[in-house]
Amino acid sequence: MAGKQIAGDNLTSQLAGMSKNQLYDVMSQMKALIEQNQQQARQILVENPLLTKALFQVSFKLDVLVVEMEN
């Protein structure tokens, strides 16, 4: 995975076709990588901004991130 650019359309379509359980698995694997090798995880995310964006979007889809609106 490291050093390879991920095609945006392919990544988007792959994630769109995944179940919530599969998306949780993807997030869990990324979390495990971060815990095991933070520098490698950072390098993967920096080299693949579309992956970073996709993981961010998945976080919202899975209700991992919640945005609070100010009144």
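## Basis of the model

The structure is a predicted model, in which local features require pLDDT of at least 70, side-chain atom pairs count only at pLDDT 80 or more, and totals for chains, interfaces and linings use all residues. Residues are numbered from 1 along each chain as its sequence is written, and side-chain values use heavy atoms, with hydrogens and water left out.

## Overall architecture

The protein chain contains 4 helices and 0 strands, where helices (H or I, at least four residues) and strands (E, at least two) are DSSP runs numbered from the N terminus. Along the sequence the pattern reads α-α-α-α.

Of its 71 residues, 20% count as buried; buried means under 20% relative accessible area, exposed over 50%, and partly exposed in between (1.4 Å probe, protein chains only). Among contacts in the protein chain with a separation of 6 or more, 69% are accounted for by residues 24 or more positions apart, contact being defined as heavy atoms within 4.5 Å.

## Helix 2

Helix 2 comprises 17 residues (residues 20–36), and its end C-alpha atoms are 24 Å apart, in agreement with the 24 Å that it should span at 1.5 Å a residue. The expected span is 1.5 Å times one less than the number of residues.

Leu-23, Met-30 and Leu-33 are buried in helix 2. They lie on the same side of helix 2 because they cover an arc of only 85° around the axis, the arc being that of the directions from the helix axis to the C-beta atoms. The face of helix 2 turned away from this buried side carries the exposed residues Asn-21, Lys-31, Glu-35 and Gln-36.

## Helix 4

Helix 4 has 13 residues and extends 18 Å from its first C-alpha to its last, close to the expected 18 Å. Its buried residues are Leu-51, Ala-54, Leu-55, Val-58 and Ser-59. Viewed down the axis of helix 4, these residues fall within an arc of 145°, so they line one face of the helix.

## Helix packing

The axes of helix 2 and helix 4 (residues 49–61) come within 11 Å and cross at roughly 130°. Axes are lines fitted to C-alpha atoms, for helices over the stretch in contact, and angles run from 0 to 180 degrees between N-to-C directions. Helix 2 and helix 4 are therefore oblique to each other; angles under 35 degrees count as roughly parallel, over 145 as roughly antiparallel, 65 to 115 as roughly perpendicular and the rest as oblique. Lys-20, Leu-23, Val-26, Met-27 and Met-30 of helix 2 make the contact with Leu-55, Val-58, Ser-59 and Lys-61 of helix 4.

Helix 3 (residues 38–47) packs against helix 4 at an angle of about 100°, with the axes 4 Å apart. Helix 3 is thus roughly perpendicular to helix 4. On the helix 3 side the contact involves Ile-44, Leu-45, Val-46 and Glu-47, and on the helix 4 side Pro-49, Leu-51, Thr-52 and Leu-55.

Ser-59, in helix 4, is buried, with a relative accessible area of 8%. Apart from its neighbours within four places in sequence, Ser-59 is in contact with Met-27, Val-64 and Leu-65.

Asp-63 lies in the segment after helix 4 and counts as exposed, at 58% relative accessibility. Although not a glycine, Asp-63 has a positive phi of about 60°. Most residues other than glycine have a negative phi.
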